[in-house]
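Here are my notes for your review. Please read them beside the model.

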Amino acid sequence: MIIGVDVGGTNVDIVAFNGKFEHIATYSTKEHIQRLNEILKDLIKKLNVKAIGIGLAAWIKKGKIVKMPNISGEFKVSLSVPTILDNDANCFAYYSAKHFGFKNVIGITVGTGIGGGIVLDGRLIRGEGLAGEIGHWFVGGDEECTCGGKGHLEAYFGGWSIKKKFGKPAEDLFKDGSIYEVEGFKLLCIAVANAITLLDPEAVIFGGRIGGNLDVKILRNEIYRYLMDGFEPEILTLKDPLAVAKGACLLAKEFDSPSGTTPSSLTDVS
């Protein structure tokens with residue numbers, strides 16, 4: 001049995017994989033992040049877990065957490081089984097590439113924040129660890145980001161920034177279509193178009209509770225507005241709230257693969 005965990009800015013989702021995926025539990029991040037180590041220890045015993053993958057909404061470099069812009073408190077787990085830690089958007093990109101059968105993908109998660117993951121030739125591309133952080137691209141202006149920077153994409157279209165600006169969750173803006181009139185939506189599409197021009201993927205796949213619910217036709221039309229001829233990626237959404245946890249599961253399952261698609265096994269994540 002392998003377990004995958006998605007530690008996001010709002011929720012912690014846990015899935016198990018033993019030939020097929022099974023949703024185990026969902027917790028509030030704010031209320032349960034300090035208990036996560038004990039929760040996972042209990043599951044290891046109960047389910048005879050062999051490895052755990054964790055997708056974390058954080059900047060992770062060389063296996064170490066650099067910053068968690070949208071998560072308060074300390075994140076630390078110390079478990080008796082191999083534990084793989086990766087950025088949540090990397091986990092999403094990896095799972096979505098497998099799900100749709102692509103080898104070259106940009107995965108974009110839009111939820112509390114905005115994350116990005118890159119899969120080229122079937123392998124996750126991390127650079128020195130922080131590759132794909134599209135949510136913290138500078139797009140102009142002085143809007144303050146939770147990371148401490150200004151003018152970042154996330155400060156215009158992340159879930160936290162939309163709620164701050166409009167006084168209600170982004171999900172409410174879908175009801176009348178006004179989500180597509182938010183300045184940040186155009187900035188998101190411009191940023192994605194720039195990423196496409198850099199990487200020339202087969203597909204861009206959007207997920208997260210905001211990204212996964214965006215209208216594909218509107219997304220495609222707006223992104224293609226900024227692309228020159230020759231770039232023709234598919235624009236897709238993955239409406240699976242457990243995609244990050246499933247990707248973390250797959251990474252844990254393959255942690256000892258010689259292909260190098262996963263980070264090294266970590267027995268202490270802090």
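This is a predicted model: local features need pLDDT of at least 70, side-chain atom pairs count only at pLDDT 80 or more; totals for chains, interfaces and linings use all residues.

1. Lys62 and Glu128 pair through their side chains, at 3.7 Å from N to O. Lys62 sits in the loop between β5 and β6, and Glu128 in the loop between β10 and α4, so the bridge ties together parts 66 residues apart in sequence. Lys62 is exposed, at 68% relative accessibility. Glu128 is exposed too, with a relative accessible area of 51%.

2. Asp86 bridges to Arg126, with the closest N and O atoms 2.7 Å apart. Asp86 belongs to strand β7 and Arg126 to the loop between β10 and α4, 40 residues apart. Asp86 counts as buried because its relative accessible area is 5%, under the 20% cut-off. Arg126 is buried as well, at 17%.

3. Glu171 and Arg209 form a salt bridge at 2.7 Å, N to O. Glu171 is in helix α6 and Arg209 in helix α8, so the pair joins parts 38 residues apart in sequence. Glu171 is partly exposed at 30% relative accessibility. Arg209 is partly exposed at 36%.

4. Now the pocket. The largest one has a volume of about 670 Å³. Its lining has 37 residues, and Asp6, Asp88, Gly111, Thr112 and Gly208 lie nearest the centre. By class, the lining has 17 polar, twelve nonpolar and eight charged residues.

5. Which elements each supply at least two residues of that lining? They are β2, α3, β8, β9, α8 and α10. The largest share, three residues, comes from β9.

How values were computed
Residues are numbered from 1 along each chain as its sequence is written. Side-chain values use heavy atoms; hydrogens and water are left out. On a 1 Å grid over the protein atoms alone, a cavity is a set of points where a 1.4 Å probe fits but cannot get out, and a pocket is an open set with protein on both sides within 12 Å along at least five of seven lines; lining residues have an atom within 4 Å of a point. Grid points are joined across faces, edges and corners, and a volume is the space filled by probe spheres set on the points. Helices (H or I, at least four residues) and strands (E, at least two) are DSSP runs, numbered from the N terminus. Ala, Val, Leu, Ile, Met, Phe, Trp, Tyr, Cys and Pro count as nonpolar, Asp, Glu, Lys and Arg as charged, and the others, Gly among them, as polar. A salt bridge is a side-chain nitrogen of Lys or Arg within 4 Å of a carboxyl oxygen of Asp or Glu. Buried means under 20% relative accessible area, exposed over 50%, partly exposed in between (1.4 Å probe, protein chains only).
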